[in-house]
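Dear colleague,

Please find below the structure that I am handing over to you. My notes on what was found in it follow directly after it.

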Amino acid sequence: MIFRQLFDQESSTWTYLMAARPGGQALLIDPVIETAERDLALVQELGLTLACTLETHVHADHLTAGYRLKQLCGSRIAGPAHDRLHCRDVWVEDGVPFQVGAVTLLPLFTPGHTATHYSYLQQQGDTPRVFTGDALLIDACGRTDFQGGDAAALYRSVHMRLFTLPDDTLIYPGHDYEGRRVSTIRQEKDRNPRLGGNRPLEEFVNLMDGLELPYPKRMDLAVPANELCGDCPAEVPADFIGYCESLRQG
């Protein structure tokens, strides 16, 4: 199995590259538009063909590279069926295995950060992996105050879908802001300050409701652009006109 963990410094986003074998088809989970060319160069350097990009959710802090990579190499765009985005080529559904080449992922519907958020479980190999997007981070979790977010729903997603996985399952999050790469289900159950240690649902909801987090600086562009799979919309917020022009030229 070929596996690489790739980082975007600006948004602190982790992107994941997977392929079953050299020369095979590759998959990128949650690619970022600013690093599209870097990631594609690595795919080609490894002798792989990028067959598909896969989203955990519609991001509010960065633009996906799905559309850009499709333009560059013809890769398909996949993401949660709940989003019903017509720019996607493949809609993944809860519990229905998703396969790219010989890589198989099991989609898990894990709403709460957003109303349509998915995680992806890979059970190939000796140790299972789960790609949790923003639902479960290392010692944290995604915010729940926009895009249909719901703290109670996130609590249930984590406790009923993720924390029921085997304790040694490796957690690969969508973001980390302190340079950390991986955790385990056991570690997060034990010590996650928001969701671990058997914290009651009511306490978690109160905690999330009181965070008072700042408005994401790219949200007014990122959400409508990501609903187009990373293509800037026709009506661009004034603050982002130059940014979109640079993307179109790049």
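Strand E3 (residues 25–29) and strand E4 (residues 49–54) run parallel and are joined by five bridges; strands here are DSSP runs (E, at least two residues), as helices are (H or I, at least four), numbered from the N terminus. Leu-27 stands opposite Cys-52 in E4. The model is a predicted one, in which local features need pLDDT of at least 70 and side-chain atom pairs count only at pLDDT 80 or more, while totals for chains, interfaces and linings use all residues. Residues are numbered from 1 along each chain as its sequence is written, and side-chain values use heavy atoms, with hydrogens and water left out.

E3 and E4 belong to an open sheet of six strands with mixed pairing, in the order E1-E2-E3-E4-E5-E6; two strands pair if DSSP finds at least two bridges between them. Strand E1 (2–8) and strand E6 (90–92) stand at the edges with a single partner strand each, so one side of each has no neighbour in the sheet.

Helix H1 (residues 36–45) lies across E1, strand E2 (13–19), E3 and E4, and runs at about 160° to E1. Angles run from 0 to 180 degrees between N-to-C directions, with axes fitted to C-alpha atoms, for helices over the stretch in contact. Helix H2 (residues 66–73) packs on the sheet, where it touches E3, E4 and strand E5 (76–80); contact means heavy atoms within 4.5 Å.

Yours sincerely
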